[in-house]
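Dear colleague,

I am handing over the structure below, together with some notes on what was found in it. Please read the notes with the structure open beside you.

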Amino acid sequence: MDRKITLAYGDGGELAHKLIQQIFVSAFGNRDASRFDASFLSLKSGEIAVTTDSFVVKPLFFPGGDIGKIAVSGTVNDLAVAGAVPLCLTAGFIIEEGFPLADLRKIVRSLADEAAGAGVEVVAGDTKVVEKGGADGVYINTTGVGLKRSEGAIDPSRIAPGDDILISGPIGDHGIAILAARGELGLMTELQSDCAPLNKMIDAVIEAGCDVKMMRDPTRGGIATTLVEIAEDFHATFELSESRLPVRDAVRGACDILGFDPMYLANEGKVVMVVAHEDTQKALNAMRTFSEGESAAVIGQVTGKGIGQLLLETPLGSKRRLHRLSGMMLPRIC
Amino acid sequence: MKTLFEPKDPAVAKELARKVIGLADRCREKTGTVPAFMEVCGSHTMALAKTGVKLILQGHVNLISGPGCPVCVTDQKQIDAMIEVAESDDRIVCTFGDMMRVPGSKRTLMSAKTEGRDVRIVYSPIDAVKIAEENPDREVVFLGVGFETTVPVLAAAIQLAAQKQLKNFSMWATTKLVRPVLRTLLTVKKVKINGFLLPGHVSIVLGGNAYQFLVDDFRMPGVISGFEPVEMLSAIYKLLKMVYEDKPEIMNNYKSVVRSKGNPVAQKLMNEFFQPCDEAWRGIGVIPQSGLRIRDKYAAFDARKKFSIEVGEPKKTLCRCGDMICGLASPEQCLLFGKACTPLHPVGPCMVSTEGSCAAHYAYMRKEG
């Protein structure tokens, strides 16, 4: 094979066949299914969950992950937090002409490894090649299918005062790791993105019998935007305590320098949960047995019903209201 | 694992806040008015709102945001000129992130970028010099706004470009000096305050001795402060104490980084590459000798001289950024605030920079959804 993707790889002929067989089918191990135009899935009875997400992360490789890993974790996590057990996913690749095959191989391998680790099968895929400048390296779309849980279903209508708000670990790692990896802001840090599939950890919490009323993965917009949305959608008042929010030194330092707020930075391997108070310890224990959840913590409480709002208690005891991220966060001057 | 705030901080800060409130109330009994202090540093504006200091002192101490955000004090005409610089195809325009969304009369640098102009956000002007080196066929222009904190770095960038003998690097500098505007606020604008919370970063360059004129000419106390809740609260406490005892002084409450004579290396760099000039401040007008321009000796790096940029008079809007900067209006007194003017669609610069008083108020003090 060539060392770089050319437009000929996208023409459906010999090269396209080679690309699919040597890079994709060999990584996903689905040689039988790949002979047909569609895959057939045997499902047990019940409802299925479907979600789709496109990945355009820049740079494609970053500390703690790459676009292949994030394409799995993003979609798997969306299924898991919605209350489904992820079963399989599809992967569509849009590749820019001239993209190094070695990098593509690495990305596909990473996607396959993550999917295997999360216990989901890659059942269908597609590749397109666009001319140079038509895309930025590689874009990936993944669509995930999961089976809705029959027990331990998510029911945000039951969110009630007294419930605890939990997070599985420190906030903002992905946002700062990506910013640093872009190398544009002179930031040097060994911080890794938190990008990871969380379905097994979430399984453990549900299987421990915890009453999880709502959960979501706080990706773009950060934990503040995510919790504002839940609070508003389900008319509850959430109160977070600033002194309980876990954040790494590197993230806090970078935010101080750049004028960012960790509450609005993206996470790719975190889950926030609203849990009945009596089950909080059980949920924390379950999360803490996983490396992704070793710093799981209670960060606040549901304090009211009716008005949808997110409040933050500052270390001085004053409470301020948090809002959605408004526009882009831009680095400040001094 | 650390948390957003260290566990030992809240207890100290809470106790300090209690003391500040107590002393503030005694001041009010003595003088008959709520003590008012002005911060003149954008990072203070943001930190006071974000940490909840401003909220907890509400009704006891009136904290007024002065001209501290470099973007906010930049004259509309300069913004228009800077956007105009980006209009040429052969240029790469580099700037600090804050500048991207500041509305000019017609558009923003962000919209210029969307339309295909090469506008790049850099964290340091030194990065712009690197970009010039990597793109010898194109003109690289750095748009430099800032106070004394930023000017030494601007100077260092020019120095580097001169050392490398770059012909394609220049800077559009519109920089401001803190001391002349403090004097103007007290004389021309007659702001009603009892003291200044003096800027931490600017003072690192200028030194603690730079503000003695406030006491000598105006009997106005000032305390140089850091940015942690405890640092700001203790600075406010010291201000209150001076007001209560009527013994104005300039105090350095940020001794870990601010020396009495400042940073002589930074000052030397500034003087080598920049000379004082009359400068227009948004909402205030021209203040004599309140800005810095690139010295004639380095005219080759001065984008104002390199390119001929003509811009018309900016159109007037209902935006009250000018009043905001002088502490003559609070964000909620502006008809546009939170309605026509939000961080997504800012009308004035105070809503753009995270350090702007309107943006800080919108993000951290707004109560409605």
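**The sheet in chain B**

In chain B, strand β10 and strand β11 (residues 285–294) run antiparallel and are joined by seven bridges. Please keep in mind throughout that this is a predicted model. Within this pair, Cys277(B) stands opposite Gly291(B) of β11(B), and Phe274(B) has Ile294(B) in β11(B) as its bridge partner. The two strands, β10(B) and β11(B), form a hairpin with three residues between them, where Gly283(B) takes a positive phi near 80°.

The pair belongs to an open sheet of six strands in chain B, whose order is β4-β3-β5-β6-β11-β10 and whose pairing is mixed. At its edges lie β4 (118–121) and β10 (274–281) of chain B, each of which pairs on one side only. From one strand to the next, the twist of this sheet averages 25°.

**Helices of chain B**

Helix α6 (residues 125–134) of chain B packs on this sheet, where it touches β3 (91–95), β4, β5 (139–146) and β6 (169–176) of chain B. The direction of α6(B) makes about 175° with that of β5(B).

Two packed helices are described by the angle between their axes and the distance between the axes. For α6(B) and helix α7 (residues 151–163) of chain B, the angle is about 20° and the axes are 8 Å apart. Since angles under 35 degrees count as roughly parallel, α6(B) and α7(B) are therefore roughly parallel to each other. The crossing in which α6(B) passes α7(B) is right-handed. On the α6(B) side the contact is made by Pro125(B), Ile126(B), Ala128(B), Val129(B) and Ala132(B), and on the α7(B) side by Val153(B), Leu154(B), Ala156(B), Ala157(B), Leu160(B) and Ala161(B). The residues of this contact between α6(B) and α7(B) divide into eleven nonpolar, no polar and no charged.

A second pair of helices in chain B can be described in the same terms. Helix α2 (residues 42–50) of chain B packs with helix α15 (residues 357–364) of chain B at an angle of about 15°, and their axes are 9 Å apart. The helices α2(B) and α15(B) are therefore roughly parallel to each other, and their crossing is right-handed. From α2(B), the residues Thr45(B), Met46(B), Ala49(B) and Lys50(B) meet Ser357(B), Ala360(B), His361(B) and Tyr364(B) from α15(B). By type, the residues in the contact of α2(B) with α15(B) are four nonpolar, three polar and one charged.

**Chain A**

Turning to the other part of these notes, chain A contains eight helices and 13 strands. With 334 residues, a compact globule would have a radius of gyration near 20 Å, and the 21 Å of chain A agrees with this. The C-alpha trace of chain A spans about 65 × 55 × 30 Å along its principal axes.

An open sheet of seven strands is found in chain A, in the order β8-β10-β7-β11-β9-β12-β13 and with mixed pairing. Its edge strands are β8 (212–216) and β13 of chain A, each of which pairs on one side only. The twist of this sheet averages 25° from one strand to the next. Inside the sheet, strand β9 (residues 236–241) of chain A pairs with strand β11 (residues 297–305) of chain A in the antiparallel sense, over five bridges. In this pair, Leu240(A) stands opposite Gly300(A) in β11(A).

**Where the chains meet**

How many residues does the contact take from chain A and from chain B? Chain A gives 30 residues and chain B gives 41 residues. On the side of chain A that touches chain B, the elements that give two or more residues are α7 (249–258) and β13 (319–322) of chain A. The residues on that side of chain A divide into twelve nonpolar, ten polar and eight charged. The strand β13(A) that contributes here is also an edge strand of the sheet of chain A.

Methods
Residues numbered from 1 in each chain as written. Chains lettered and ligands numbered in written order. Predicted model: local features only at pLDDT ≥ 70, side-chain atom pairs only at ≥ 80, totals over all residues. Axes fitted to C-alpha atoms, helices over the stretch in contact; angles between N-to-C directions. Helix = DSSP H or I, 4+ residues; strand = E, 2+ residues; numbered from the N terminus. Parallel < 35°, antiparallel > 145°, perpendicular 65-115°, else oblique. Left-handed = near helix turned anticlockwise from the far one by under 90°. Contact = placed C-beta atoms within 7 Å. Nonpolar A, V, L, I, M, F, W, Y, C, P; charged D, E, K, R; others polar. Pairing = 2+ DSSP bridges. Rg over C-alpha atoms; globule rule 2.2 N^0.38 Å.
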